[in-house]
Amino acid sequence: VGKDANGNIVQFTPTWSVLNATAGSINSGTGVFTAGTVSGPYPNTVQATSGGISGFATVNVAAGALATITVSPNPSNLAIGGTQTFTAVGKDANGNIVGIVPAWTIDPLVGGGTINLNTGVFTAGAVAGAYNNTVRATSGAIVGKATVNVGVGALFSITVSPNPSNLATGGTQTFTAVGKDANGNIVGIVPAWSIDPLVG
């Protein structure tokens, strides 16, 4: 709408343009604006011009529908009983961030520990291993996943086999030693072998 210095409406035919191409594009004759793919506020980016006079308008481009959820960290490497706070970031199809309040779960077929359904704080279980895509953040029908690697604990016990070993005089026996943590997970060891000097 054009006006003179006294506020009276002046008829004119504007030429339309966009000062920030990231905001979108506009038909220079009709003023039909098409938003771009990058969300955000674009102050005074639409311009209507007639002669040396211009008017401006701001465009706020909103993110599109939620398309993906990225869960971090991925993977998470924890000791048995360790905790990890996961985060989830939603984005639309163009990579713009979409605000979400995810529901946190653990894949029941994979396991690996427990998670707070509201905060995303994961507590590793007692069984070491790689738990692929077990942590899940869900919003509507969109799901993001993360892997948790649970490491073994400190060496707690060594089991020597066979026990007992029954040999003939001069016979030989190759023994094996398996280390485990307090939860029964195997811990790799290089044992030092010896004989009790009081026994023989």
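**Entry 1: basis of the notes**

I am working from a predicted model, in which local features need pLDDT of at least 70 and side-chain atom pairs count only at pLDDT 80 or more, while totals for chains, interfaces and linings use all residues. Residues are numbered from 1 along each chain as its sequence is written, and side-chain values use heavy atoms, with hydrogens and water left out. For helices (H or I, at least four residues) and strands (E, at least two), I follow DSSP runs numbered from the N terminus.

**Entry 2: the salt bridge**

I noted first a general point: side chains of opposite charge can pair when their charged atoms come close. I searched the whole structure for salt bridges (a side-chain nitrogen of Lys or Arg within 4 Å of a carboxyl oxygen of Asp or Glu), and the search finds one. The partners are Asp107 and Arg136, whose side chains meet at 2.9 Å, N to O. Asp107 lies in the loop between strand E13 (103-106) and strand E14 (113-115) and Arg136 in strand E16 (residues 129-139), so the pair ties together parts that are 29 residues apart in sequence. I recorded Asp107 as buried, because its relative accessible area is 10%.

**Entry 3: backbone angles**

I kept in mind that most residues other than glycine have a negative phi, and most peptide bonds are trans. Where did I find cis peptide bonds? One joins Ser72 and Pro73, with omega about -5°. Another joins Asn74 and Pro75, with omega about 5°. Pro73 lies in the loop between strand E8 (68-72) and strand E9 (76-79), and Pro75 is found in the loop between E8 and E9 as well.

I then looked up phi. Asn44, in strand E6, has a positive phi near 50° although it is not glycine. Asn44 is partly exposed, at a relative accessible area of 44%. Asn133, in strand E16, also has a positive phi, near 50°. Asn133 counts as partly exposed at 37% relative accessibility.

**Entry 4: Thr147**

I located Thr147 in strand E17 (residues 142-151). It counts as buried, because its relative accessibility is 11%. Which residues does Thr147 contact, leaving aside its neighbours within four places in sequence? With contact taken as heavy atoms within 4.5 Å, I listed Asn74, Pro75, Ser76, Tyr131, Asn132 and Asn133.

**Entry 5: the largest pocket**

Rolling a probe the size of a water molecule over the atoms shows where empty space is left. The largest pocket has a volume of about 320 Å³. Of its 16 lining residues, Val1, Gly2, Phe12, Ala48 and Gly55 are the closest to its centre. Strand E1 (2-3), strand E6 (40-50) and strand E7 (53-61) each supply at least two lining residues. The largest share, five residues, comes from E7.

For the terms, a pocket is an open set of points on a 1 Å grid over the protein atoms alone, where a 1.4 Å probe fits, with protein on both sides within 12 Å along at least five of seven lines; lining residues have an atom within 4 Å of a point. The volume is the space filled by probe spheres set on the points.

I placed Ile9 in strand E2 (residues 9-10). Ile9 counts as exposed at 58% relative accessibility. Not counting residues up to four places away in sequence, Ile9 touches Val1, Gly2 and Lys3.

Val32 lies in the loop between strand E4 (24-26) and strand E5 (33-35). Val32 also counts as exposed, at 52% relative accessibility. With residues up to four places away in sequence left out, Val32 touches Ser25, Ile26 and Asn27. I also looked up its separation from Thr87, 55 residues apart along the chain: the C-alpha atoms are 40 Å apart.

Technical notes
Buried < 20%, exposed > 50% of the residue type's maximum accessible area, 1.4 Å probe, protein only.
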